[in-house]
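Please keep the sequence and the model at hand while reading.

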Amino acid sequence: MRRAWQWIGALALLSSVPVAGAGEELESERPRTLPLVVHAAEGPQRFAVEVARTLPERSRGLMERDHLDEDAGMLFLYRDLQSPRNGFWMYRTRIPLDIAFIGEDQRIAAVFTMWPCGSANPAECPVTYPGVPYRAALEVNAGLFEALGIAEGDCVSWPGSAGYCLPEPEPEPESRAEDAPLDGAALDE
């Protein structure tokens, strides 16, 4: 029964994905690119990411690509919080990828490496389930997160994000008694 539901899901997914000829890139249909920063312990790591906001963009993802630049990736954005049971698969994806599931607080909640699925049958491609709720997902070349020291708990920011990665404001210095005017009057400036 599970296989039947996987097959039905795969058909529904594929029905919304435009098909290109062998090796043909869908340049005109690629999502827009934005700068993204992962605030890792070893310092900020910068990427130029394509943003997948719509169902067709998210369904297509990085399918049919033969190459992804070292500083590139894809950011999948969702309006609503996604269930830990909503996963990603590698059907028709040719390059191995790391995926970071990003929570509502813009912190990486889970990281996985995904390998291309060589099967022509989408029901035979494994699904990577995050096991945590997420609001966004970031895909980059496999091994890059480890090489750059990116890990769970790191904060991710991009234009239009909520800004949770901003450093905490410095507390105002407390006034000291010796800084107060001697006559108790306020200084006129």
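**Strand pairing and disulfides**

In this predicted model, strand E3 and strand E8, the latter formed by residues 134–141, pair in the antiparallel sense over five bridges. Within this pairing, Phe76 stands opposite Ala137 in E8.

Strand E3 itself covers residues 72–82 and is mostly covered, with eight of its eleven residues buried. E3 also pairs with strand E2, residues 43–52; here the sense is parallel, and the pairing again extends over five bridges. Leu75 in E3 has Val51 opposite.

Attention may now turn to the cysteines. Counting as a disulfide any pair of cysteine sulfur atoms within 2.5 Å, the model contains two disulfides. One of them joins Cys117 to Cys125, with an S to S distance of 2.2 Å. The angle about its S-S bond is -85°, and the link of Cys117 and Cys125 is left-handed. Cys117 and Cys125 are both buried.

The other disulfide joins Cys155 to Cys165, with the sulfur atoms 1.9 Å apart. The link of Cys155 and Cys165 is left-handed, with -90° about the S-S bond. This pair links distant parts of the chain: Cys155 lies in strand E9, residues 155–157, whereas Cys165 lies in the segment after E9, ten residues apart from its partner. Cys155 and Cys165 are each buried.

When the bonded cysteines are counted along the protein chain, its disulfides follow the pattern 1-2, 3-4.

Methods:
Residues are numbered from 1 along each chain as its sequence is written. This is a predicted model: local features need pLDDT of at least 70, side-chain atom pairs count only at pLDDT 80 or more; totals for chains, interfaces and linings use all residues. Side-chain values use heavy atoms; hydrogens and water are left out. Buried means under 20% relative accessible area, exposed over 50%, partly exposed in between (1.4 Å probe, protein chains only). Helices (H or I, at least four residues) and strands (E, at least two) are DSSP runs, numbered from the N terminus. Two strands pair if DSSP finds at least two bridges between them.
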